[in-house]
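Here is a short briefing for a first look. Keep the sequence and the structure in view as you read.

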Amino acid sequence: KMIESMAAATPVLASDLAVCREWVTDGEEGLLVPPGATREWALAMRRLLRDAELRARLGRAARRRAEACFAQPVVQHQLEERFLAAASGGTQ
């Protein structure tokens with residue numbers, strides 16, 4: 001869902017977990033909040049709701065990241081490289 005939101009130019013609000021940090025840089029494509037920190041989640045949501053410029057900036061960056069990293073041609077190329085490496089006995 002994060003990637004779909006990013007592709008739709010929606011800023012991400014997510015838990016600050018390793019898997020989320022692989023896709024989102026806090027303050028660049030979205031906001032990362034400690035898991036279970038309800039006050040911080042509420043503050044981050046309020047910040048996004050009140051700041052249209054921040055939402056737009058994060059959303060644009062999220063869209064750029066989604067296009068650069070997760071678009072179908074990019075993923076297809078990565079898969080082809082891995083299949084070719086596996087077929088030739090190498091690893092990537």
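**Overall fold**

Five helices and two strands make up the secondary structure of the chain. Their order along the sequence is α-β-α-β-α-α-α. Helices (H or I, at least four residues) and strands (E, at least two) are DSSP runs, numbered from the N terminus. This is a predicted model: local features need pLDDT of at least 70, side-chain atom pairs count only at pLDDT 80 or more, and totals for chains, interfaces and linings use all residues. Residues are numbered from 1 along each chain as its sequence is written, and side-chain values use heavy atoms, with hydrogens and water left out.

**Dimensions and burial**

- The C-alpha trace of the chain spans about 55 × 25 × 15 Å along its principal axes.
- The chain has a radius of gyration of 16 Å, whereas a compact globule of 92 residues would have one near 12 Å. The radius is taken over C-alpha atoms, and the globule rule is 2.2 Å times the number of residues to the power 0.38.
- Of the 92 residues in the chain, 25% are buried. Buried means under 20% relative accessible area, exposed over 50%, and partly exposed in between (1.4 Å probe, protein chains only).

**Surface patches**

- A patch of positive charge on the surface brings together Arg47, Arg57, Arg60 and Arg64. Patch residues have over 30% relative accessible area and no salt bridge; like charges are joined within 9 Å, nonpolar side chains (Val, Leu, Ile, Met, Phe, Trp, Tyr) within 5 Å. A salt bridge is a side-chain nitrogen of Lys or Arg within 4 Å of a carboxyl oxygen of Asp or Glu.
- Helix 4 (residues 52-70) gives the largest share of this positive patch, three residues.
- Arginine 57 sits in helix 4. It counts as partly exposed because its relative accessibility is 39%.
- Val75, Leu79 and Phe83 form a nonpolar surface patch, with about 280 Å² of accessible area together. Areas come from the Shrake-Rupley method with a 1.4 Å probe.
- Valine 75 belongs to helix 5 (residues 72-87). Its relative accessibility is 31%, so valine 75 is partly exposed.

- Alanine 9 lies in the loop between helix 1 (2-7) and strand 1 (12-15). Its phi is near 60 degrees, a positive value in a residue other than glycine. Alanine 9 is partly exposed, at 35% relative accessibility.
- Threonine 38 is in helix 3 (residues 38-50). At 63% relative accessibility, threonine 38 is exposed.
- Threonine 38 and alanine 87 are 49 residues apart along the chain, and 48 Å separates their C-alpha atoms.

Methods: Lys, Arg positive; Asp, Glu negative; His and termini not counted. Charge placed at Lys NZ, Arg CZ, Asp CG, Glu CD.
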